[in-house]
Amino acid sequence: MRPTLLEKGALSQRMVVASRNPLSQLPAPQHPKIRLYNAEQVLSWEPVALSNSTRPVVYRVQFKYTDSKWFMADIMSIGVNCTQITATECDFTAASPSAGFPMDFNVTLRLRAELGALHSAWVTMPWFQHYRNVTVGPPENIEVTPGEGSLIIRFSSPFDIADTSTAFFCYYVHYWEKGGIQQVKGPFRSNSISLDNLKPFRAYCLQVQAQLLWNKSNIFRVGHLSNISCYETMADASTELQQVILISVGTFSLLSVLAGACFFLVLKYRGLIKYWFHTPPSIPLQIEEYLKDPTQPILEALDKDSSPKDDVWDSVSIISFPEKEQEDVLQTL
């Protein structure tokens, strides 16, 4: 059966499309993007899907600097292999954080898919400069040491800069007393910052922020804030002296109160205290022996033990006057 005119037209249209898109062409990778975070330089894209092929699609990445030719992104040129790879990502800093493209260079990347002798069209990304386009993270390895009415903050930079004469970091500290108003201190070039004149024994929260300055193009890249962390300050010298004085006064006052209370109790219950501490009467030895042995003649024992020379007495004379004589004596006096 011969094809109809409509079928011939459709067939010729497919032939024209095929001639315009020959089988040697593959779909290009979609949505490529460059991640520049701190020292990282990573190119990623969406995979090319083919329904009629069992072989994996591979990808090739090339780069160039301003007014230069295109170079293969391989071990010899950039330190990593991004040629004929099956992964949908090329990490130019995978070898080390110091690897990758120079941070002050103008870099352009392009990418294509390959399958045997087939390949896609090149997809070219806009040029970038690391210092110009980087996303700066927060400072790392933050350590805070509470001091006397102060907080000492130490940290490391988000990433290393090879030549600090062209670019450098400065730092800001956002801090506030819990429930208070936030304050900002900075900029600092040093990686050690001291927050002074803080209230002792108070909790302060803080965040540290880095800012990248590129002198060549006068570009500032403001970094992300670190996580919030809170610390309690210690006492300063004046506060410690006040504490010593308060403790001494408090101790003296407590001892005075205790002494006064004891004196009052002694006065109030002195009879009872005297009764508690009074020595109970003791039984004479002879009576105690008699109680142990009732057959013992106790009176003879007492007479035997007593000596006439030990007896002591006084003579008392009672003189009685008749009432009449007593009145005469009184009158005489």
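Strands β16 and β17 form a hairpin with four residues between them, and asparagine 218 in the turn has a positive phi of about 55 degrees. Strands here are DSSP runs of E, at least two residues long, numbered from the N terminus. The model is predicted, so local features need pLDDT of at least 70 and side-chain atom pairs count only at pLDDT 80 or more, while totals for chains, interfaces and linings use all residues. Residues are numbered from 1 along each chain as its sequence is written, and side-chain values use heavy atoms, with hydrogens and water left out.

**Hairpins**

- Strand β16 (residues 203-214) runs antiparallel to strand β17 (residues 219-225), and five bridges join them; two strands count as paired if DSSP finds at least two bridges between them.
- Tryptophan 214 has isoleucine 219 of β17 as its bridge partner.
- The hairpin of β11 and β12 has two residues between the strands, and glycine 149 there takes a positive phi near 65 degrees.

**Sheet β11-β12-β15**

- This open sheet has three strands in the order β11-β12-β15, with antiparallel pairing.
- The edges are held by β11 (140-147) and β15 (192-195); each has a single partner strand, so one side of each is left without a neighbour in the sheet.
- From one strand to the next, the twist averages 15 degrees; strand axes are lines fitted to C-alpha atoms, and angles run from 0 to 180 degrees between N-to-C directions.
- Six bridges link β11 to strand β12 (residues 150-156) in the antiparallel sense.
- Glutamate 140 has serine 156 in β12 as its bridge partner, and valine 144 stands opposite isoleucine 153 in β12.

**Sheet β2-β3-β7**

- A further open sheet of three strands has the order β2-β3-β7, and its pairing is antiparallel.
- Its edge strands are β2 (30-35) and β7 (89-91), each of which pairs on one side only.
- Neighbouring strands of this sheet are turned by 10 degrees against each other on average, direction ignored.
- Three bridges connect strand β3 (residues 42-46) with β7 in the antiparallel sense, and valine 42 has aspartate 91 in β7 as its bridge partner.

**Largest pocket**

- The largest pocket holds about 460 Å³ of space. A pocket is, on a 1 Å grid over the protein atoms alone, an open set of points where a 1.4 Å probe fits, with protein on both sides within 12 Å along at least five of seven lines. Its volume is the space filled by probe spheres set on the points.
- Of the 23 residues that line the pocket, Ala39, Pro97, Ser98, Met103 and Asp160 are the closest to its centre; a lining residue has an atom within 4 Å of a point.
- The lining has eleven nonpolar, seven polar and five charged residues, where Ala, Val, Leu, Ile, Met, Phe, Trp, Tyr, Cys and Pro count as nonpolar, Asp, Glu, Lys and Arg as charged, and the others, Gly among them, as polar.
- Domain 1 (30-132) and domain 2 (140-235) both give residues to this lining, so the pocket lies between them; the bounds come from an automatic or database domain assignment.

**Aromatic pairs**

- The count comes to twelve aromatic pairs, taking rings of Phe, Tyr and Trp (its six-membered ring) with centres within 6.5 Å; planes under 30 degrees apart count as stacked, over 60 as edge-to-face and the rest as tilted.
- Tyrosine 65 and phenylalanine 105 form an edge-to-face pair, 5.2 Å centre to centre with 85 degrees between the planes.
- Tyrosine 65 lies in strand β4 (residues 58-65) and phenylalanine 105 in the loop between β7 and β8 (107-115), so the pair ties together parts that are 40 residues apart in sequence.

**Backbone details**

- Glycine 186 and proline 187 are joined by a cis peptide bond with omega of about 5 degrees, and proline 187 is in strand β14 (residues 183-188).
- Glutamine 84, although not a glycine, has a positive phi of about 55 degrees; its place is in strand β6 (residues 83-85).
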